Amino acid sequence: MIRLFSLFLALAVALAACAPSPSGTRLGPDGKPLPQVYRIKDRDTANIQFRMLDAVNALRGASGQQAVALDSQLNAAAATHSRDMSVQNRPWHFGSDGSSPIERVQRVGFSGRLVGENISETFESELETLGAWMEKPDTRRIILDPSADALGFAWYQENNGKIWWTMILGDTGGGVAASS
């Protein structure tokens, strides 16, 4: 009887291991879900930009800073730099032509002052990337800078799923002046 029960128990465990996980995600050998590539479709652009804007403004509001607004010129500069980082295959603040973030925002016609630029090379979502930026003092400082009133945010996703994120904050001159 015990032998029959053991056989059924072993069979049940074996069959359970063959069944897909309830959420449809694949599991690794450790039993934890395997990471999934965050795929972005062209139609997702506005949703992602506004989701980032809302998240940044929530963080800024919680720290007593004014809200920022999306700026089409800064979005264009961010998109250009994201694509260029992919071409260079390295996350850094200089363009393949040697351009700096200041030069890039001037090229797109932004007449305000560059507050700062955050970049990332990752397979993670925009909100996971924002969380990583908030953990580092230098990138958090840019996001929460009191003089910022404009935000540019864009990305480039490679076929393998890697995403090159660029966030640019600017001061249009109409916002609160930076305090020393």
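Modeller: Before we look at this predicted model, one term is needed: a polar contact is a pair of N or O atoms within 3.5 Å, of which, within protein, one must be able to donate a hydrogen and the other to accept it.

Colleague: What makes the approach of the side chains of glutamate 117 and histidine 93 a polar contact?

Modeller: The two side chains are joined at 2.7 Å, and because the limit is 3.5 Å, the distance qualifies. The side chain of glutamate 117 also makes a polar contact with that of arginine 104, at 2.8 Å, which falls within the 3.5 Å limit as well.

Colleague: Where does glutamate 117 lie, and is glutamate 117 buried or exposed?

Modeller: Glutamate 117 belongs to strand β2, residues 113-122. Its relative accessible area is 7%, and since buried means under 20%, glutamate 117 is buried. Apart from neighbours within four places in sequence, its contacts include His81, Pro101, Ile142 and Met167.

Colleague: Which elements cover the buried residues of helix α3?

Modeller: Among them are α2, α4, β2, β3 and β4; the buried residues of α3 themselves include Leu74, Ala78, His81 and Met85. Helix α3 has 17 residues, 72-88, and spans 24 Å from its first C-alpha to its last, close to the 24 Å expected at 1.5 Å a residue.

Colleague: Why is the pair formed by the rings of phenylalanine 153 and tryptophan 165 called stacked?

Modeller: The ring centres are 5.3 Å apart and the planes stand at 10°; rings pair if their centres lie within 6.5 Å, and planes under 30 degrees apart count as stacked, so this pair is stacked. The pair links distant parts of the chain, with phenylalanine 153 in strand β3 and tryptophan 165 in strand β4, 12 residues apart.

Colleague: How do you know whether phenylalanine 153 and tryptophan 165 are buried or exposed?

Modeller: Phenylalanine 153 has 0% relative accessibility, and tryptophan 165 likewise has 0%; as the cut-off for buried is under 20%, phenylalanine 153 counts as buried, and so does tryptophan 165.

Colleague: What makes arginine 113 and aspartate 171 a salt bridge?

Modeller: Their closest N and O atoms are 3.8 Å apart, and because a salt bridge requires a side-chain nitrogen of Lys or Arg within 4 Å of a carboxyl oxygen of Asp or Glu, the pair meets the criterion. The partners sit in strands β2 and β4 respectively, 58 residues apart.

Colleague: How are arginine 51 and glutamate 126 joined, and how do you class the exposure of each partner?

Modeller: Their side chains meet in a salt bridge at 2.5 Å, N to O, and the pair links helix α2 with helix α5, 75 residues apart. Buried means under 20% and exposed over 50%, with partly exposed in between, so arginine 51, at 35%, is partly exposed, whereas glutamate 126, at 2%, is buried.

Terms used: Residues are numbered from 1 along each chain as its sequence is written. This is a predicted model: local features need pLDDT of at least 70, side-chain atom pairs count only at pLDDT 80 or more; totals for chains, interfaces and linings use all residues. Side-chain values use heavy atoms; hydrogens and water are left out. Helices (H or I, at least four residues) and strands (E, at least two) are DSSP runs, numbered from the N terminus. Buried means under 20% relative accessible area, exposed over 50%, partly exposed in between (1.4 Å probe, protein chains only). Contact means heavy atoms within 4.5 Å. The expected span of a helix is 1.5 Å times one less than its number of residues. Rings of Phe, Tyr and Trp (its six-membered ring) pair if their centres lie within 6.5 Å; planes under 30 degrees apart count as stacked, over 60 as edge-to-face and the rest as tilted.
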